[in-house]
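Please look over the sequence and the predicted model shown here before reading the report.

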Amino acid sequence: MSVSNTEVFAEVRRVTEALANEDVSTFEALEEFRVKYLGTKGLVKGFLEQMRHIPADQRREYGLVVNALKQAAELRYQKAKAKLEAEAEHTRAATLDLTAPGEPIPLGARHPIAITMERIISIFERIGFSVADGPEIEHDWYNFTAMNTPEDHPARDMQDTFYIVGAPGMLLRTHTSNVQARVMTARKPPIRIIAPGRVYRNETISARSHAQFHQVEGLYVDEGVSFADMKQTLFYFAQQMFGATKIRLRPSFFPFTEPSAEMDIWLGTKTEEDRRLTKGTGWLEILGCGMVDPQVLENCGIDSSRYTGFAFGMGIERQALRLFGIPDIRLLFENDVRLLRQFASAL
Ligand code: DAH
């Protein structure tokens with residue numbers, strides 16, 4: 001330290017006085033001011049570092065003088081900053097065009113799968129069905145065994161079903177029929193539910209199929225439920241959903257229903273689209289259905305000598321493609337906003 005103590009004191013005081021003359025009229029100048037006085041290599045810091053060269057009996061006073069400088073610098077800085085900010089805000093307000101149109105708020109859209117599911121749900125809710133839910137990661141028992149699917153059934157094959165590695169007996173559900181088993185083991189009739197959800201199959205992805213898709217399951221169990229009840233319920237659905245005037249039930253097989261059927265709706269062959277969808281027959285296959293196999297009731301602890309029921313299961317994707325004229329199933333899962341945006345105003 002070359003300067004004498006008196007010089008240091010005088011220097012601090014001089015700097016303190018000079019500070020009032022600094023230019024702080026712009027944000028840039030203010031920042032330079034801050035760096036010069038209050039920065040880590042600034043004047044205040046520098047003077048404080050000289051403390052050790054000050055004789056002990058003068059340190060208190062020195063401390064007070066440097067502190068006065070620091071406070072003066074901070075005060076100047078804060079005041080100038082507040083002033084600059086107020087000015088900037090004023091300029092913004094003055095140049096604000098109150099007649100300019102508002103910033104558009106981007107509207108979200110329901111996904112076509114969700115829209116389709118909701119339509120199906122509301123149709124069934126109107127006739128007393130309520131929504132039930134089940135897990136996508138499911139135990140073999142609910143997905144297959146309770147549903148009367150034999151150990152050697154091809155659906156259980158690794159080629160068709162995703163099994164969870166390291167969790168024996170656990171799989172990704174292959175259909176929403178697991179919810180039937182879940183609901184029937186948990187509560188007793190009358191049961192009237194629909195269960196929408198995602199299902200998984202080990203399939204090659206193409207324009208017509210995907211390894212992940214959606215289904216809606218239906219189940220009605222009570223005393224005296226008949227095949228005629230099923231037919232009328234499904235006809236009502238076909239009318240409401242597609243405006244169909246005719247349905248057709250073809251005998252089929254499912255392990256969990258007996259008898260089983262597949263339901264087609266009549267679209268006709270008038271339009272190109274209808275001919276393509278129905279492969280020229282006029283009939284579009286919509287769902288699988290049947291009377292709940294008594295063995296399934298018993299597996300779930302329901303007395304099959306007292307109760308009967310019907311069940312059905314349908315895929316959502318194909319219905320969504322038809323409802324919205326979407327040509328390729330993969331478009332549904334690409335999350336391209338250009339597709340989704342088109343549904344911003346759909347129901
Ligand atoms: N679970 C069947 C499937 O994924 C669909 C199905 C058919 C469900 C008949 C049912 C039914 O409840 O009764 O192909």
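The sections below treat the basis of the model, the sheet, one glutamine and the salt bridges.

## Basis of the model

This is a predicted model, in which local features need pLDDT of at least 70 and side-chain atom pairs count only at pLDDT 80 or more, while totals for chains, interfaces and linings use all residues. Residues are numbered from 1 along each chain as its sequence is written, and side-chain values use heavy atoms, with hydrogens and water left out.

## The sheet and a helix across it

An open sheet of mixed pairing is built from 7 strands in the order β1-β4-β5-β9-β8-β7-β6, and its edges are β1 (130-131) and β6 (247-254), each of which pairs on one side only. Strands are DSSP runs of E with at least two residues, helices are runs of H or I with at least four, and both are numbered from the N terminus; two strands pair if DSSP finds at least two bridges between them.

Strands β4 (residues 191-200) and β5 (residues 212-222) run antiparallel and are joined by 10 bridges, with Arg198 standing opposite His214 in β5. Helix α11 (residues 317-324) lies across β5, β8 (283-292) and β9 (308-315), running at about 145° to β8, where axes are lines fitted to C-alpha atoms, for helices over the stretch in contact, and angles run from 0 to 180 degrees between N-to-C directions.

Gln180 belongs to helix α7 (residues 178-186) and is buried at a relative accessible area of 1% (buried means under 20%, exposed over 50%, partly exposed in between, with a 1.4 Å probe and protein chains only). Apart from neighbours within four places in sequence, Gln180 is in contact (heavy atoms within 4.5 Å) with Met147, Glu217, Gly218, Leu219 and Ala311.

## Salt bridges

The structure holds 19 salt bridges, each defined as a side-chain nitrogen of Lys or Arg within 4 Å of a carboxyl oxygen of Asp or Glu. One of them joins Arg14 and Glu11 at 3.4 Å, N to O; the two residues are 3 apart in helix α1 (residues 5-18), and are therefore separated by about one helical turn.

Asp264 and Arg250 also form a salt bridge, their closest N and O atoms being 2.7 Å apart, and this pair links distant parts of the chain, with Asp264 in strand β7 (residues 257-266) and Arg250 in strand β6, 14 residues apart. Asp264 is buried at 3% relative accessibility, whereas Arg250 is partly exposed at 28%. Arg248, Arg250, Asp264 and Glu285 are linked in a network of salt bridges.
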